[in-house]
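Subject: Structure for you to look at

Hello,

Here is the structure I said I would pass on. Please open it and keep it beside this message as you read.

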Amino acid sequence: MAGLALDGANPDVSLLYDINGLAADAPGWFDRVMEFVGEYGIMLGMVLVALWCWWSVRRREDAVTSVAGLVWAPLAAGIALLINIPIRGFVERPRPFNDHKGLEVLVAGKTDYSFVSDHATMAMAIGVAVFVANRKFGLAAIGLAVLEGFCRVYMGVHYPTDVIGGFALGTAVSLLLAPVAMALLTPLMAAISRSQKVGWLVRAKGPVERGAGTGAGAGAGLGLGSGAGSGDGGSAVIPEPRTGDSERNDLAA
């Protein structure tokens with residue numbers, strides 16, 4: 001399997017050169033920024049998005065389910081990385097700079113195998129899990145995950161298919177294991193929310209926000225729990241009772 005993507009006519013290799021060629025043409029300071037962003041910055045940004053989401057959803061009616069989804073995010077990333085260990089050992093694809101000349105490699109010292117990308121796997125696993133907890137923040141996290149994949153190719157350390165494989169692995173782990181994870185985490189978060197000392201970690205004190213479209217609606221579609229908000233982000237409208245028949249009966253009397 002080590003011979004994957006060695007042919008220069010392979011579109012995977014062509015796209016690698018096209019994206020990595022941007023690094024060769026960019027100023028040195030921009031490459032240093034991309035190096036930091038691709039290696040550490042985006043993952044830090046995803047942590048901040050998850051924390052912001054946690055701070056926001058604690059005031060919602062479905063806070064328990066949403067916080068459970070956020071707790072699942074790092075667990076999903078860790079499980080996906082563990083699954084990737086035997087995948088890398090089976091495929092044994094060398095890093096692109098080992099087989100292709102002329103690449104602008106922004107991060108030196110990468111000696112492990114290339115397929116699939118750990119960074120892309122972890123980022124997408126977190127992004128999809130955050131989406132299960134909250135649609136708005138989840139879309140932001142998934143956008144950061146896509147940017148992470150682009151950066152890995154830009155930096156010359158992964159093929160595009162390494163990134164796509166990482167996206168697929170992270171998404172599969174987050175979605176396929178989510179029902180089991182949520183079944184275990186939701187009661188745990190509910191118990192924590194009832195604690196006098198640490199209940200604020202799950203449910204904030206003060207008025208409760210209603211409606212407003214968290215991913216609990218998406219989670220309900222996956223069998224992950226029922227959200228209080230309606231799917232379009234508004235509160236459910238309760239119809240007024242019909243009184244016409246009773247009024248006519250009163251007039252007749």
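Predicted model: local features only at pLDDT ≥ 70, side-chain atom pairs only at ≥ 80, totals over all residues.

Helices

Two packed helices are described by the angle between their axes and the distance between the axes. For helix 3 (residues 63-91) and helix 8 (residues 178-193), the axes come within 8 Å and cross at roughly 125 degrees. Angles from 65 to 115 degrees count as roughly perpendicular and those over 145 as roughly antiparallel, so this pair is called oblique. The crossing is right-handed. On the helix 3 side, the residues in contact include Val64, Val71, Trp72 and Leu75, and on the helix 8 side they include Ala178, Met182, Leu185 and Ser193. Sorted by class, this contact has 12 nonpolar residues, 4 polar ones and no charged ones.

Aromatic rings

The model has 7 aromatic pairs. In one of them, the ring centres of Trp52 and Phe137 are 5.3 Å apart and the planes stand at 70 degrees; planes over 60 degrees apart count as edge-to-face, so this pair does. Trp52 belongs to helix 2 (residues 28-57) and Phe137 to helix 6 (residues 135-154), so the pair ties together parts 85 residues apart in sequence. Trp52 counts as exposed, at 59% relative accessibility, whereas Phe137 counts as buried, at 6%.

Trp54 and Trp55 are also an edge-to-face pair, with centres 5.9 Å apart and planes at 65 degrees. Trp55 is exposed, with a relative accessible area of 53%. Finally, one aromatic cluster is formed by Trp29, Phe30, Phe150 and Tyr154.

Regards

Notes:
Residues numbered from 1 in each chain as written. Heavy atoms only, no water. Axes fitted to C-alpha atoms, helices over the stretch in contact; angles between N-to-C directions. Helix = DSSP H or I, 4+ residues; strand = E, 2+ residues; numbered from the N terminus. Parallel < 35°, antiparallel > 145°, perpendicular 65-115°, else oblique. Left-handed = near helix turned anticlockwise from the far one by under 90°. Contact = heavy atoms within 4.5 Å. Nonpolar A, V, L, I, M, F, W, Y, C, P; charged D, E, K, R; others polar. Phe/Tyr/Trp six-rings, centres within 6.5 Å; stacked < 30°, edge-to-face > 60°. Buried < 20%, exposed > 50% of the residue type's maximum accessible area, 1.4 Å probe, protein only.
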